Amino acid sequence: MARLDGVVMSTMNVSLPDGLKSFVDEQVAARGYRTSSEYVRELIRKDRDRQRLRGLSLDGARSRPTSTADGRYFDGLRARARGRTAT
């Protein structure tokens, strides 16, 4: 196992068709990644974050509403965002 910025790293080998390998190489060069591993790690992080957000969205959709989101509710939010107590 290797370390990168204090993080223990494991190795994973991935086989790609030539067309996908070329695409990865192009993305690494065009988007400023140092290595293809860095690019793939970023893709995996984004997918993990997307899945977490989807899970939170689904949890919210299944939950019961706790209050009505009407004009008064949004006025209160605006007041709190401005640092004042809602009146």
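This is a predicted model: local features need pLDDT of at least 70, side-chain atom pairs count only at pLDDT 80 or more; totals for chains, interfaces and linings use all residues.

Modeller: Residues are numbered from 1 along each chain as its sequence is written, and side-chain values use heavy atoms, with hydrogens and water left out.

Biologist: In what order do the elements of the protein chain run from the N terminus?

Modeller: Helices (H or I, at least four residues) and strands (E, at least two) are DSSP runs, numbered from the N terminus. The protein chain has three helices and two strands. Their order is β-β-α-α-α.

Biologist: Why is the protein chain described as more spread out than a compact globule?

Modeller: The radius of gyration is taken over C-alpha atoms, and the globule rule is 2.2 Å times the number of residues to the power 0.38. For 87 residues that rule gives 12 Å, so the protein chain is more spread out than a compact globule, its own radius of gyration being well over that at 22 Å. Along the principal axes, the C-alpha atoms fill a box of roughly 60 × 30 × 30 Å.

Biologist: What percentage of the 87 residues is buried?

Modeller: Buried means under 20% relative accessible area, exposed over 50%, and partly exposed in between (1.4 Å probe, protein chains only). In the protein chain, the buried share of the 87 residues is 9%.

Biologist: Is Gln-27 buried or exposed? Which residues is Gln-27 in contact with, leaving aside neighbours within four places in sequence?

Modeller: Gln-27 sits in helix α1, residues 18-31. Its relative accessible area is 15%, so Gln-27 is buried. Contact means heavy atoms within 4.5 Å. With neighbours within four places in sequence left aside, the partners of Gln-27 are Gly-32, Tyr-33 and Tyr-39.

Biologist: How many aromatic pairs does the structure hold, and why is the pair of Tyr-33 and Tyr-39 classed as it is?

Modeller: Rings of Phe, Tyr and Trp (its six-membered ring) pair if their centres lie within 6.5 Å; planes under 30 degrees apart count as stacked, over 60 as edge-to-face and the rest as tilted. The structure holds two such pairs. Tyr-33 and Tyr-39 have ring centres 5.3 Å apart and planes at 65°, so their pair is edge-to-face. Both residues, Tyr-33 and Tyr-39, are buried.

Biologist: What is the angle between the planes of Tyr-73 and Phe-74?

Modeller: Tyr-73 is partly exposed at 37% relative accessible area, and Phe-74 is partly exposed at 38%. They form an edge-to-face aromatic pair, 5.2 Å centre to centre, with a plane angle of 85°.

Biologist: Which residues does Arg-41 contact, leaving aside neighbours within four places in sequence?

Modeller: Arg-41 lies in helix α2 and is partly exposed, at 25% relative accessibility. Leaving aside neighbours within four places in sequence, its contacts are Leu-4 and Met-9.

Biologist: What distance separates the C-alpha atoms of Ala-61 and Asp-75?

Modeller: Ala-61 is in helix α2 and is exposed, with a relative accessible area of 65%. Along the chain, Ala-61 and Asp-75 are 14 residues apart. Their C-alpha atoms are separated by 23 Å.
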